[in-house]
Amino acid sequence: MPGSPSFPRAWRARRSPAAGAAVMATATLSVGLDLVGRDVLSRVALAVAAVAWLALAGDCVVRLLRNPGRWERGTAVPAALTGVAATTVLGTRIAALEWTSAAEALLALSTVLWAGLLPSVFRHLPRGMPGSVFLGSVATQGLAVLGATVAASETAGWLARAALVLFWIGIVLYGIALTRFDLRQVAEGAGDQWVATGALAISAFAGARLLDASGPRLYLWNDDDRGVLRTVTVALLVLGLCWYSVLLAAEVARPRLNHDARRWATVHPMGMTAVAALSGAGAVGLPSLEPLGRALLWVAVVACLAVATEAGRSAVAAVRSTARR
């Protein structure tokens with residue numbers, strides 16, 4: 001129809017600051033599928049995540065150039081940190097392919113974005129926040145994961161130690177976010193309440209990657225330090241699984257079936273919990289975690305397909321509705 005908006009234009013008009021959660025979710029599933037040896041599916045998920053990331057990055061640049069003031073206001077909310085977290089998870093999967101230069105570039109970009117966005121987001125955090133309040137911890141731990149991954153491949157001790165600092169900062173940020181989180185969101189949230197467990201899962205994943213970074217080629221921690229790191233990693237994983245159980249029970253008790261873009265913030269924590277269990281199985285010496293991680297991974301894949309289907313239907317319906325005006 002003449003004068004009707006194109007799909008890209010309609011998508012841009014409706015895109016929320018949390019759109020990076022879709023990239024986070026897809027890239028996380030790519031990491032998990034790689035860990036269980038599903039190489040083809042992992043690469044498909046990676047390709048989808050990379051294309052989505054490029055689209056979001058291009059859109060952010062356009063918005064910045066066209067209306068810097070509005071763009072700056074949009075970056076002052078926790079949801080803006082999905083861009084940082086998405087970049088780190090994408091970089092982590094790319095690092096597994098030994099595309100070191102690309103992973104390092106994404107690490108540098110995400111570090112700059114994190115340093116620029118985090119202070120404005122945490123400057124004024126009111127109480128009674130939705131689950132997006134935990135994204136500060138997620139983004140920080142995403143940097144720790146990517147930093148530890150690149151450090152291990154490049155034998156860079158300084159980078160591994162920087163990642164360890166980020167790991168502890170991420171835990172502190174989680175504690176701050178928890179004091180601002182509205183617990184009623186567990187029963188009422190539209191999807192992003194799951195970030196509460198996703199932040200713990202990616203923290204456990206960061207701990208596992210830090211444990212794996214140390215070895216004959218890169219000695220980092222003595223036995224005492226390694227013991228502390230292992231204990232904290234296990235505790236984070238256990239707490240994350242507890243949160244997962246509570247949130248899943250709340251979903252069953254009070255189903256929320258209407259489509260909402262924040263449902264991508266459900267898929268990412270589900271996938272990241274699986275990834276944390278799979279990574280932790282070897283890193284902390286608990287092989288029994290592997291079958292649990294595999295089971296949770298396929299649950300996350302099903303959830304991703306369901307959310308993607310609903311998102312596609314919603315986008316097509318929105319474009320048609322706009323075109324009829």
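Among contacts in the protein between residues at least 6 apart in sequence, 82% join residues at least 24 apart, where contact means heavy atoms within 4.5 Å. The model is a predicted one, in which local features need pLDDT of at least 70 and side-chain atom pairs count only at pLDDT 80 or more, while totals for chains, interfaces and linings use all residues. Residues are numbered from 1 along each chain as its sequence is written, and side-chain values use heavy atoms, with hydrogens and water left out.

The protein holds 13 helices and 0 strands; helices (H or I, at least four residues) and strands (E, at least two) are DSSP runs, numbered from the N terminus. Read from the N terminus on, the elements run α-α-α-α-α-α-α-α-α-α-α-α-α. Of the 325 residues, 50% are buried, a term for residues under 20% relative accessible area, with exposed meaning over 50% and partly exposed lying in between (1.4 Å probe, protein chains only).

Two packed helices are described by the angle between their axes and the distance between the axes. For H8 and H11 the angle is about 35° and the axes are 13 Å apart; axes are lines fitted to C-alpha atoms, for helices over the stretch in contact, and angles run from 0 to 180 degrees between N-to-C directions. The crossing of H8 with H11 is left-handed, that is, the near helix is turned anticlockwise from the far one by less than a right angle, whereas clockwise would be right-handed. On the H8 side the contact involves Leu164, Phe167, Trp168, Ile171, Tyr174 and Leu178, and on the H11 side Val228, Leu229, Val232, Leu236 and Trp243. These residues divide into 11 nonpolar, no polar and no charged. Here Ala, Val, Leu, Ile, Met, Phe, Trp, Tyr, Cys and Pro count as nonpolar, Asp, Glu, Lys and Arg as charged, and the others, Gly among them, as polar.

Aromatic rings come next. The structure holds 5 aromatic pairs; rings of Phe, Tyr and Trp (its six-membered ring) pair if their centres lie within 6.5 Å, and planes under 30 degrees apart count as stacked, over 60 as edge-to-face and the rest as tilted. One of these pairs, Phe134 with Tyr174, is tilted, at 4.9 Å centre to centre and 35° between the planes. Phe134 sits in the loop between helix H6 (100-123) and helix H7 (135-154), and Tyr174 belongs to helix H8, so the pair links distant parts of the chain, 40 residues apart. Both Phe134 and Tyr174 are buried. Another pair, Trp194 with Tyr244, is edge-to-face, at 5.2 Å centre to centre and 85° between the planes. Because Trp194 lies in the loop between helix H9 (185-188) and helix H10 (195-213) and Tyr244 in helix H11, this pair ties together parts that are 50 residues apart in sequence. Trp194 and Tyr244 are both buried.

Leaving aside neighbours within four places in sequence, Thr266 is in contact with Gly191 and Trp194. A polar atom of the Thr266 side chain lies 2.8 Å from the backbone oxygen of Gly191. Thr266 counts as buried because its relative accessibility is 7%.

Beyond H12, Leu286 is found in the loop between H12 and helix H13 (289-323). With a relative accessible area of 30%, Leu286 is partly exposed. Its contacts, apart from neighbours within four places in sequence, are Arg230, Val234, Gly280 and Ala281. Leu286 and Val234 are 52 residues apart in sequence and 9.4 Å apart in space, C-alpha to C-alpha.

Most residues other than glycine have a negative phi, and most peptide bonds are trans. Glu98, in the loop between helix H5 (82-96) and H6, has a positive phi near 65°. Glu98 counts as exposed, at 67% relative accessibility. Thr155, in the loop between H7 and H8, has a positive phi near 50°. Thr155 counts as partly exposed, at 32% relative accessibility.

Methods:
A polar contact is a pair of N or O atoms within 3.5 Å; within protein, one must be able to donate a hydrogen and the other to accept it, and residues adjacent in sequence count only if both atoms are side-chain atoms.
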